[in-house]
Amino acid sequence: MKSLKLDHQLAEAVIAGTKTSTWRLFDDKDLSVGDQVALIDKVDPTTPSSWVTIGTAIIDEVLEKPLGKITAADMAGHEAFVSREAMLGTYRHYYGERVTWDTPVKILHFRFTPNPSAVRRAPPIEKVVVYADGGSRGNPGPSASGYVVYDEQGTVLARRGVYLGVTTNNQAEYTALKLALETAKAMGAREVHVYMDSLLVINQMNGIFKVKNRDLWPIHDSLKQLSAAFKQISFTQVPRELNKPADTAVNRALDAQQDVDLMSTPRPDAAISRS
C-alpha cells in the first residue's frame with residue numbers, strides 16, 4: 001500500500017474531518033482514483049519511532065491544474081493560505097525555486113477511514129455555528145447541498161458538499177440543513193446557531209412561514225424533531241455574500257458531478273435545459 005506522511009497538525013485536521021484533500025507537486029507516487037493510501041502522522045518529525053498510521057485514505061477524485069489557476073473552490077477540504085504569494089512560498093519551501101505558477105498541481109480528494117487504535121476520540125463540542133446552503137441548476141435540476149460547521153473560535157470542524165441528483169432548490173437547502181444538524185449532533189453539540197441565506201427555510205424553521213409545499217413536509221418534520229435534540233438552537237437569515245463557504249461547497253459538488261457527466265456518452269436525443 002502506498003503511504004503519505006503528514007505533519008502532526010495536518011494529521012489532526014484529517015482526523016477532525018476538516019482536511020479531505022491533499023495537493024501533490026511532482027507526484028512521485030503516481031496517485032490516482034481508487035488508490036488506498038496509508039496516512040502517517042509524523043508526531044515528532046525528528047523521531048520516526050513516534051510516527052503512527054492514523055488510517056487509510058481512499059482517493060475518489062483527482063483534478064490537475066497549474067498552481068496559478070487554483071481557485072477558492074479548489075481550497076475546499078485543504079488547509080488555507082493567507083495569500084497566493086504565501087501559497088507559492090510554501091511549495092517553494094518544500095520543492096525549491098523550480099516551483100512556478102505554471103507548475104502542475106494534482107489535487108486529490110479522499111475519504112478517510114481512521115485506525116481506531118491510533119485516533120483519540122475528540123471530546124464533545126458544546127457550541128457550534130453552522131452555515132448551510134443548497135442549489136439546483138434548473139430547479140428542478142442537478143442539485144447539491146453544502147455546509148460548514150465552526151466552533152466558537154471560528155475553527156472549521158466539518159465541511160461537506162453532497163451531490164443529490166435531480167431535486168428542487170428548496171429541497172437542496174433543506175437537505176443541507178438536515179445534514180449539518182446531523183453532523184452537529186454527532187459531535188455532541190448542545191447549542192447550535194444556524195445561518196442560511198434562504199429566507200424561506202429560515203422563516204419556516206422559525207414558524208413565521210407555513211410549509212405549503214407538501215414535498216417539504218417530511219423533511220421539515222424531521223428537522224423539527226432533530227432540532228429538539230439540542231438544548232438551544234437558532235435560525236438566522238444572512239445575505240448570500242456571508243454564506244460563501246457553504247455556497248462554495250455546493251458548487252464544488254455540482255461541478256464535480258458535471259465533470260463525471262461530461263465523461264459519459266450522451267444520448268443522441270439529449271437536450272440542454274436552461275433556466
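Tutor: Let us begin with the idea of pairing: two strands are said to pair if DSSP finds at least two bridges between them. Strands of a sheet pair through backbone hydrogen bonds, either parallel or antiparallel. Please keep in mind throughout that this is a predicted model.

Student: In what order do the five strands of the open sheet stand?

Tutor: The order in this open sheet is β1-β3-β4-β5-β2, and the pairing is mixed. At the edges stand β1 (2–7) and β2 (21–24), each of which has a single partner strand, so one side of each is left without a neighbour in the sheet. If direction is ignored, neighbouring strands of this sheet are turned by 40° against each other on average.

Student: Which strands run antiparallel, and how many bridges join β4 to β5?

Tutor: Eleven bridges join β4 to β5, and these two run antiparallel; here Glu64 stands opposite Lys106 in β5. The antiparallel sense is also found between β3 and β4, which pair over six bridges, with Gln36 standing opposite Ile58 in β4.

Student: Which helix lies across β1, β3, β4 and β5?

Tutor: That is helix α1 (residues 8–16), which lies across β1, β3 (36–42), β4 (52–66) and β5 and runs at about 110° to β1.

Student: Now to the charged side chains: how should I read a salt bridge, and how many does the structure hold?

Tutor: The idea is one of distance, since a salt bridge is counted when a side-chain nitrogen of Lys or Arg is within 4 Å of a carboxyl oxygen of Asp or Glu. The structure holds 13 of them. In one, Arg24 is joined to Asp28, with the closest N and O atoms 2.9 Å apart. Arg24 counts as buried, because its relative accessibility is 15% and buried means under 20%, whereas Asp28 is exposed at a relative accessible area of 63%. This pair also belongs to a network of salt bridges that links Arg24, Asp27, Asp28 and Lys106.

Student: Are Lys65 and Asp74, which meet in a salt bridge, buried or exposed?

Tutor: Lys65 is buried, and so is Asp74; their side chains meet at 2.9 Å, N to O.

Student: What does the salt bridge between Asp197 and Arg240 tie together?

Tutor: In this salt bridge the closest N and O atoms are 3.8 Å apart. Asp197 lies in the loop between β9 (191–196) and α4, while Arg240 lies in the loop between β10 (232–237) and α6 (244–263), so the pair ties together parts that are 43 residues apart in sequence. Asp197 counts as buried, at 11% relative accessibility, and Arg240 counts as partly exposed, at 48%.

Student: Finally, which residues form a nonpolar patch on the surface?

Tutor: The patch is formed by Leu199, Ile208 and Phe209, which together have about 290 Å² of accessible area. Phe209 is found in the loop between α4 (199–205) and α5 (217–227). With a relative accessible area of 37%, Phe209 is partly exposed, and it can therefore be part of a patch, because patches are made of residues with over 30% relative accessible area and no salt bridge.

Notes:
Residues numbered from 1 in each chain as written. Predicted model: local features only at pLDDT ≥ 70, side-chain atom pairs only at ≥ 80, totals over all residues. Heavy atoms only, no water. Patch = residues over 30% accessible without salt bridge, like charges linked within 9 Å, V, L, I, M, F, W, Y side chains within 5 Å. Areas by Shrake-Rupley, 256 points an atom, 1.4 Å probe, with all protein chains shown as cover. Helix = DSSP H or I, 4+ residues; strand = E, 2+ residues; numbered from the N terminus. Buried < 20%, exposed > 50% of the residue type's maximum accessible area, 1.4 Å probe, protein only. Axes fitted to C-alpha atoms, helices over the stretch in contact; angles between N-to-C directions. Contact = heavy atoms within 4.5 Å.
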